[in-house]
Structure formats: C-alpha cells, structure tokens
Amino acid sequence: MTSSLSTSSATPAAFAELEQGLEHLKVANYYLRVALDQVADGVVIVESEASDAKSGQKVLFSNAAAAMLAGADPEAGLRGLGLNDLVANVKDAATLQQSLRLAVDQGGCHECECQLQSLRTQTPVPSKWRVRAVFNSMRKLLNFTILISPAQAAATTASSKPEPKPAADDLDAQSAQMRKDNLAALAQGIAHDVNNLLGPVTVRLSALIQQVQEHPALAQELQLVFAGLKRAKQFTSQVVTASKSSPRKLEPTDIVSLMRDTVEFAGAGSNVHVCVRNDENLRQAIADPVKLSQVLQNLVMNGIQAMPHGGYMDVQAANHLVGPAGDGKLKPGKHVHIIVRDRGCGIARENLDRLFRESFTTKADGNGIGLTTCKRFVDEMGGDIRVTSTPNIGTEFSVFLPAAAGSGGTRPLTPADSAPVPLKHGKGKVLIVDDEDDLRKVAHMILTRCGYEVVQCDNGQDAVRIYQSLFRTGTPPDVVLMDLTLRGGMNGTETAAEILHLDPEARIVCTSGSVTEEVQMIFLERGFVGVLPKPYEAGELTQVVHRVATMMKRH
C-alpha cells in the first residue's frame, strides 16, 4: 500500500520533470538553429544511408545559407530533398557520394568540389563541399554534416588571414545581410515564376493585336494591355538583375515616350485625368529607363489615390539648368526636371520630412516602401527627388536627373514605339523543349501558323531522344528552343550539351526568364547560337527562329 501511494504521488513530479526537460530541449534547439543561421556557409545534415538510390541521402536539416545558395524558399529549406538533387549532374553526384564514403573510411572529414544546382534558376554554382561523418560512441554512423561554400568565396577565405571572432554587432550585421540574401534569392525565384506566367499571355496577345488591326478601337485597348505586359517584363528583368548584384547601366533615355507610356498605363481605369506635357526641345536624361518608369508609376498612382473623387493631375517635363554653385545634391550643369502634381488631400507639414523613410506611411494598408524605393532609384541615377504639399490643395513631386550630353529635342512618339514586333514567316523544323505547358502550346501554334513544322516536349530526356531519332533519319531540327528549367533529371544546359555531343552543328536557342544581358555571352560560349529571354513576344519568337534557321547551312 505504501509503495503504491509512493508511486502515485511521484507521477506528477515525474511528468513535471519531463515537461521541463522537453522545454529545455526546445530552447536549446531554437538557439542551435539561430546559431547555424548565422553561419555564412551552407550547413546541411543528411541521413547516414540513402533510402532512394537516385536521390541519395535525405536532407534532415539545412540552415538559411544553404537554402539561399540552393535557391529554395528560406522558410521551407531543403528538408526532404535528396542529396543528389542538390548537385548539377550525375558526375557531380558520383563525386559527392565518393566523398561521403571517404569521410567514413578516413574516420572523419573529406572535401570535394561539385556544382551546386539552383532549384530556381537551374544555374549551377561551382562549390566546395566539406563532408564530415558523424559517429556515436559505438562508432555507429549517425549522419553526415556538410558545409557548402561557393568556390570563389572558399578561395578568398583560404587566401586571407584568420579573422578575429566577430562581435555581437558584427553578428547582427551578418544576420541582416543573410536576410537580404535570402530575400534576393526568393525575389529571383518569384521573378522567374512571374516570367513563366507572363509568357503565354505575351505571345498570344502580341499575335492577336496584329490580327485585329481592322478594328482600331479593339486594337487600341489591346495595345494598352500589351504595353503593361512589356513593362511587367522589364520590371521582372530588373528584379533578376538586382538579385544577381549586376546593376543595370545608366543610358540616355527618351523621357517623352517613357513618360507617356508609363502615365497612360498607371492612369488606366481611374477617374483622374492625367495631363502630360513637355518642353518642345526636351533633353534626354541619363537614367535607368526601367527604374525611372517605376518611379513615375509610383508617383502617379500615389496621386490618383489621393484624389478618390477624381479630378486632374499634371505630369510634365522641362529642361533645367543648375548653376555653378550647385543645388543640394544636384551638380552644376544641364538636367531634366519631371513634375508630378496632384490636387488631392495633401500632406501635413510634420510628415514631409518623414516621407521618404522606409518605415513611414499614412495609409492604413500601406507599407511605406513606395516612396523610399523612388528616392533610392533616383539617388542611384545621380538625381534628386523633392516634394512640396499643402493640405487640401495638393502635392507636387519634383524629380531631377542629369541630362545626356549633346541631347536636345525629342522625336515624336509613334505607334511603332510600343507596337508588337511583326511576325516573320519561314520554313523549317523547330523542336520546342519547355516544361511550361501553356507557353509551349502557344509557341507551337504561332510557329505553325508562320509556316514551321513543330515538335515539342517538356523534359531533357525526351528532347535528346527526339533529336537523336530525327538526326538518324537525316532530318534534324533546324532550330531547338531550349528552356533552362526542365522537368526530370536533366536541365536545359545538360540537355543542350547532350544534343551538341550528338550533333555539333545543332542550332540551339536558350529561352529563359533568368538570363540577363550580362550573362548571355556565357551561354553562347557553351554552344547555344542565340538567347531568347522570357517572356517573349510572338514576333520576337518568329524573328529569332527565322534568323537561326537561315544563319547557316549544313554540309
């Protein structure tokens, strides 16, 4: 009886001790994850044995840096993926598996170099993999812990002197930088997905506009939608460029055409009439046209939101000369002055100084980043943005940009500026390799209408098989349109390499939403004969196919 009572009375205490232990374990696990997320290298923990021979050992844990390097969602990480899925090809997978075996045989660590495969862009990154086999006290293999770092970063670290242990402030800075890196990787993935969504619509709409020219009103409406799609394409291209740390070069920009296109699109469907005016001899501005268009769109939309009952807005551009003493941020010399003026509710005086701060907004559903982005873009272009406002009267934003040397006068805006690229008819056989079903089907339809024989597939293995079959019969495709992101085990680069190995004269065009102007030469050096960035127009598609199909004859 005594023993029974003793056991019964001890049970609640045992449960309390167990709960306390679990709570301590949760806290320790939390701090461990936070600490690993501070590590600049990617950290991946995988199973001791492969449950699937094709995918390899499953990932049990990955830190934020590993997710960022692999182009995965930072929140989801790499958990559940196979180790072989993280490398670029079968050869690298074999190299990595050999490194795992050597780590076990050597009782600890082994290093190898493999290409890390981006899950978003399918662009491989040469990396160093440091493999450690983890054993328990009985020498039983528990798992593998792998540190991944880009080869260039690893070489820099190896050649530099040992750094002192970072202070707490440095860790905070590293954490902030890692969050930015994660956002950059995520933004690049989102831009890639948006390009895929825009692709079928852009191709179909650009072809449709050319079919309805006998209905001017309908053609004009479709033209406005198409102009918006082209601007969305520019914005996604800008996101890809920015996330790859490859800033776009500033260039002489026709302010008149850019201003009219942007204002027309931003004001479509609103009850605000936007009046656009400019000096007759307006100079060109040194600017990034995509970013400047985004600045104007933000300012116009802000003005429209400040006038819920409708009314009139002014958007005008004029030549501006800054004197020898300068004007604030503006250096002496010729500038272009763009004004966006609304007649809305205005901004309180105490809020004007806070207007361009990232955390400030007066909108209930706003996040305050629109005007901050405008200011940052204008600053990057060597200009300045200013604001004046009177409550219940209106607000005026002024954007100043350096003028292009020798510019003066602007050509009149013509419908050809924003019209779709004309279709180009031709003959030949085209193989479309793309895992976006809608885009592939629309491209098939457009090319067929323009006189081409078209074959299509959605993965690399089928592409190689189809090309091999046609090549053996002496009728290989005249053009191969190759997407870089494909279903299955082979990406576009690997598929192109297999086809070129079979037929060195194969004419392959790289189609992707993640290829910027700065890296196009890399793909040309890999054997591609052209690059067609997504989303492309129907006319651009047919023009490229016609050019490539006729660029050289087989011997």
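Predicted model: local features only at pLDDT ≥ 70, side-chain atom pairs only at ≥ 80, totals over all residues.
**View 1. The largest cavity and its lining.** A search of the whole structure finds one cavity of 30 Å³ or more. About 30 Å³ of space lies inside the largest cavity. Its lining is made up of Ile-432, Val-433, Asp-434, Leu-481, Thr-511 and Tyr-536. By class, four residues of this lining are nonpolar, one is polar and one is charged.

**View 2. Helix α12 and its buried face.** Helix α12 runs over residues 460-472 and has 13 residues. From the first C-alpha to the last, α12 reaches 18 Å, close to the 18 Å expected at 1.5 Å a residue. Buried in α12 are Gly-460, Ala-463, Val-464, Ile-466, Tyr-467 and Leu-470. Seen down the axis of α12, these buried residues fall within an arc of 165°, so they line one face of the helix. An α-helix has 3.6 residues a turn, so residues three or four places apart point the same way. The packing partners of the buried residues of α12 are the strands β13 (429-433), β14 (453-457) and β15 (479-483), together with helix α13 (492-502).

View 3. Helix α3 comprises residues 90-105, 16 residues in number. The reach of α3 from its first C-alpha to its last is 23 Å, close to the 22 Å expected at 1.5 Å a residue. Asp-92, Ala-93, Leu-96, Gln-97, Ser-99, Leu-100 and Ala-103 are the buried residues of α3. These residues cover an arc of only 150° around the axis, which puts them on the same side of α3. The cover over the buried residues of α3 includes the strands β3 (109-117), β4 (124-135) and β5 (141-150). On the face turned away from the buried side, α3 carries the exposed residues Val-90, Lys-91 and Asp-105.

**View 4. Asn-392 in a loop between two strands.** Asn-392 is found in the loop between β11 (384-390) and β12 (394-402). The phi of Asn-392 is near 70°, a positive value in a residue other than glycine. Most residues other than glycine have a negative phi. Asn-392 has a relative accessibility of 67%. Because exposed means over 50% relative accessible area, Asn-392 counts as exposed.

Technical notes
Residues numbered from 1 in each chain as written. Heavy atoms only, no water. 1 Å grid on protein atoms, 1.4 Å probe; cavity = no way out; pocket = protein on both sides within 12 Å on 5 of 7 lines; lining within 4 Å. Points joined across faces, edges and corners; volume = space filled by probe spheres on them. Nonpolar A, V, L, I, M, F, W, Y, C, P; charged D, E, K, R; others polar. Helix = DSSP H or I, 4+ residues; strand = E, 2+ residues; numbered from the N terminus. Expected span 1.5 Å × (residues − 1). Buried < 20%, exposed > 50% of the residue type's maximum accessible area, 1.4 Å probe, protein only. Arc of directions from axis to C-beta. Contact = heavy atoms within 4.5 Å.
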